[in-house]
Amino acid sequence: MMTTLLGGLSPSRFLRDVWHKRPLLIRNAVPGFAGLLTSSEMQQLASRDDVESRLIQGSGTHWQLDHGPFSKSDFKRLPKIEWTLLLQSLNHVLPEADALLSRFSFIPHARLDDLMVSYAVPGGSVGPHFDSYDVFLLQGQGHRRWQISTQTDLTILDDLPLKILRRFKPEEEWVLGPGDMLYLPPHVAHYGVAEDACTTYSIGFRAPTTEELAHGFLMHLQDTLKLEGRYADPDLRLQAHPGEISRAMLSQIEGMIAKIKWSKRDIAEFAGRYLSEPKPNVFFDPPEAPLSRAAFNKQANQKGVALNPKSRLLFTRGRFFINGEAFTPAADETAALQHLADQRHLAPARGTPPDVYALQGARPAGGLGAAPPLPATLPERFYDWYEAGWLEIETE
């Protein structure tokens, strides 16, 4: 239940009283949870070039950071203490991780980043540090000791491969076991050290800087803005200093640049494209032997469809954005697309023949969250996404 996940709080109360405001320790947030991967399974994933992995060794002021992919021999050479293996975007390669991430859908998808998992041997850590974004730290197997501080001194040590705090003064301390979770708002200093071999699952959120947003928006304007006219000076007068940029020239340039304007619609268009754009290291694999359009429609109607875990589908009003691309669907497609964006899958009608489902949009009797009718035009759009690797036939 959601109240268990949030320590007895409803999502609305959590957002009102805790989110972005104060740390919260939640014992047994996910009852029975002991992790999704063994250490050997993590090492296998760390050997893949499509999985972002890091290996951190050390303590105090001595740290070593290596980036994957790694080989078996890399792990055989490691000591028995003080190292940590990190795997980023686990939800892209492990369905169980994607399902775990969906538990946090009370936070808008536009803010959600990914699920990272860390495996640490005794003494393993990434040092005392702070994050610029909200994070949930869910303990899998084993135990990790967490110390936190709301200190304002966030100075980091120089010349280290990690952002380690120069001074860390812990204010609270807990040992988290399987299923326990710690929520931390941005800039809360924290230091986690493995008590024994353990895994921690970090649910992180996007928090772009003002500079990143501004740069992205300026790039968006560059790609979309069209300005008419060209510099001209039919009233040019003789200057005493040919090397001088005259006030008249500066005034005209100022007027030309002042034509750069934007509206709320421009902001919404940029935000949708920017927030749905996959990270640079994310690539989609089209199906090796794609179904024909007819076969796809038949299977989609029998089993339903789901977004690829790497896909990001967002919307604002009647405008939709998927993986950085924008489109305006037909009015009768909107409800089904909103459901797909919210739930990340569309299930077929149970016991309904495929041809009836496709043509009439039959759906189960609706309760809260029931899928809306599927217009006959949507399978055409879905098939294009399927060929691009953005959308898949639903699996059990």
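Colleague: Among contacts in the protein chain between residues at least 6 apart in sequence, what percentage join residues at least 24 apart?

Modeller: The share is 77%. Do keep in mind that we are looking at a predicted model. Its protein chain has 12 helices and 17 strands, and the C-alpha trace spans about 80 × 70 × 45 Å along its principal axes.

Colleague: Why is Asp180 called buried?

Modeller: Its relative accessible area is 10%. You can find Asp180 in the loop between strand 8 (172-176) and strand 9 (181-184). Leaving aside residues up to four places away in sequence, Asp180 touches Ile26, Arg27, Asn28, Ala29, Leu137, Leu138, Gln139 and Val175. Across the protein chain, buried residues make up 41% of the 396 residues.

Colleague: And what makes Arg317 exposed?

Modeller: The word exposed calls for over 50% relative accessible area. Arg317 has 77%, and is therefore exposed. Look for Arg317 in the loop between strand 13 (313-316) and strand 14 (319-322).

Colleague: How do you know whether the peptide bond between Gly68 and Pro69 is cis or trans?

Modeller: Check omega: the value there is about 5°, and the bond is cis. Most peptide bonds are trans. Pro69 belongs to the loop between strand 3 (62-67) and helix 4.

Colleague: Which residues of helix 3 are buried?

Modeller: In helix 3 (residues 39-46), Met42, Leu45 and Ala46 are buried. They cover an arc of only 100° around the axis, so they lie on the same side of helix 3. These buried residues pack against strand 2 (53-59), helix 4 (72-76), strand 4 (83-87), strand 5 (112-120) and strand 11 (198-205).

Colleague: Which residues are buried in helix 5?

Modeller: In helix 5 (residues 95-102), the buried residues include Ala97, Leu100 and Leu101. Viewed down the axis of helix 5, its buried residues fall within an arc of 100°, so they line one face of the helix. Their cover includes strand 5, strand 6 (135-139) and strand 11.

Colleague: Why is Leu227 called partly exposed?

Modeller: Its relative accessible area is 42%. Buried needs under 20% and exposed needs over 50%, so Leu227, at 42%, falls in between. Leu227 lies in the loop between helix 6 (210-224) and helix 7 (247-257).

Colleague: What makes Phe14, Trp19, Phe104, Phe106, Phe136, Tyr183 and Phe205 a cluster?

Modeller: Ring pairs link them. Two rings pair if their centres lie within 6.5 Å. The structure holds 25 aromatic pairs.

Methods. Residues numbered from 1 in each chain as written. Predicted model: local features only at pLDDT ≥ 70, side-chain atom pairs only at ≥ 80, totals over all residues. Heavy atoms only, no water. Helix = DSSP H or I, 4+ residues; strand = E, 2+ residues; numbered from the N terminus. Buried < 20%, exposed > 50% of the residue type's maximum accessible area, 1.4 Å probe, protein only. Contact = heavy atoms within 4.5 Å. Arc of directions from axis to C-beta. Phe/Tyr/Trp six-rings, centres within 6.5 Å; stacked < 30°, edge-to-face > 60°.
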